[in-house]
Amino acid sequence: MSVLPLVFTSGWASGINAYAVVLLLGLFGLTGVSDEVPQTLQRPEVLIVAGVLFLCEAVADKIPYVDSAWDSVHTVVRPLAGAWVGALLAGHSGSLSDVAAGLVGGSTALASHTVKAGTRMAVNTSPEPVSNIVLSFAEDLGVAGIVTFAMFHPEAAAVVAAVLLVSGLVVLVFLVSRIRRFLRRRAQRREERRLASHLSRPPD
């Protein structure tokens, strides 16, 4: 069986929470739930690092504006993680080339990361923090549920991930005005901090 559905699903999930994907896949392989998981993801040091970073993301993801700063840093990390996991899965199964799997996993992760980051910007135009917390929990549960589902039904999970990805991109189009508002506010806050810093300097 081709590993492509699992690569696609893990790529989508990596764009939302790459550390959760690495942690879940590693645990599934370590406990014998799936034979599709390469040994690299099952190594103790990989699981420990993924677990610590997952906890960091779980906290940062629920704080307004901190979540968007975290997303900015992970614009590179998540696609690379999706490509890395995809290449590992392909190399382990031998049913797909590493390069092709890396491209699928990385590009899918980039697309889902774009949806997540854009949605968070739109949510951050609201002054209350509840929406951030609810959205973060929904993302974590969604990633855990679909990655787990993919272990047993990879093709069906890939279809679900594809539907969620397309739906997210469509919703993102309708959130453009709110995203622009968030970017304007962030630029304004930076300018205010710059002016405050300039005014607080003692005269020469």
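User: What makes up the contacts in the protein chain between residues at least 6 apart in sequence?

Analyst: This is a predicted model, to start with. Among those contacts, 75% join residues at least 24 apart. A contact here means heavy atoms within 4.5 Å.

User: And what elements does the protein chain have?

Analyst: There are 7 helices and 0 strands, running α-α-α-α-α-α-α from the N terminus. The C-alpha atoms fill a box of roughly 70 × 40 × 30 Å along the principal axes.

User: Why is Leu6 called buried?

Analyst: Leu6, in helix α1, has a relative accessibility of 5%. The label needs a value under 20%, so Leu6 counts as buried. Across the protein chain, 45% of the 204 residues count as buried.

User: Which residues does Leu6 touch, leaving out those up to four places away in sequence?

Analyst: Leu6 touches Glu36, Leu89, Ala150, Met151 and Pro154. As for Thr119, 113 residues from Leu6 along the chain, the two C-alpha atoms are separated by 25 Å.

User: Why is Gln42 called buried?

Analyst: Gln42 is found in the loop between α1 (4–30) and α2 (44–60). Its relative accessible area is 10%, and the cut-off is under 20%, so Gln42 is buried. Setting aside residues up to four places away in sequence, Gln42 touches Gly26, Gly29, Leu30, Val37 and Leu47.

User: How do you know that the side chain of Gln42 reaches the backbone nitrogen of Leu30?

Analyst: The distance is 3.4 Å, and a polar contact needs a pair of N or O atoms within 3.5 Å. The Gln42 side chain passes that test with the backbone nitrogen of Leu30.

User: What makes Lys62 lie over the face of Phe137?

Analyst: Lys62 is at 4.6 Å from the ring centre of Phe137, and the limit is 6 Å, along with an angle within 35 degrees of the ring normal. Lys62 is therefore counted as lying over that face. Aromatic pairs are another matter: a search of the whole structure finds 0.

User: Which residues lie nearest the centre of the largest pocket?

Analyst: Those are Trp12, Ile16, Val115, Glu139 and Leu164, out of 16 lining residues. About 340 Å³ of space lies in this pocket.

User: And which helix gives the most to its lining?

Analyst: That's α6, with 6 residues. At least two residues each come from α1, α4 (98–123), α5 (130–152) and α6 (154–174).

Key
Residues numbered from 1 in each chain as written. Predicted model: local features only at pLDDT ≥ 70, side-chain atom pairs only at ≥ 80, totals over all residues. Heavy atoms only, no water. Helix = DSSP H or I, 4+ residues; strand = E, 2+ residues; numbered from the N terminus. Buried < 20%, exposed > 50% of the residue type's maximum accessible area, 1.4 Å probe, protein only. Polar contact = N/O pair within 3.5 Å; in protein donor to acceptor, adjacent residues only side chain to side chain. Phe/Tyr/Trp six-rings, centres within 6.5 Å; stacked < 30°, edge-to-face > 60°. 1 Å grid on protein atoms, 1.4 Å probe; cavity = no way out; pocket = protein on both sides within 12 Å on 5 of 7 lines; lining within 4 Å. Points joined across faces, edges and corners; volume = space filled by probe spheres on them.
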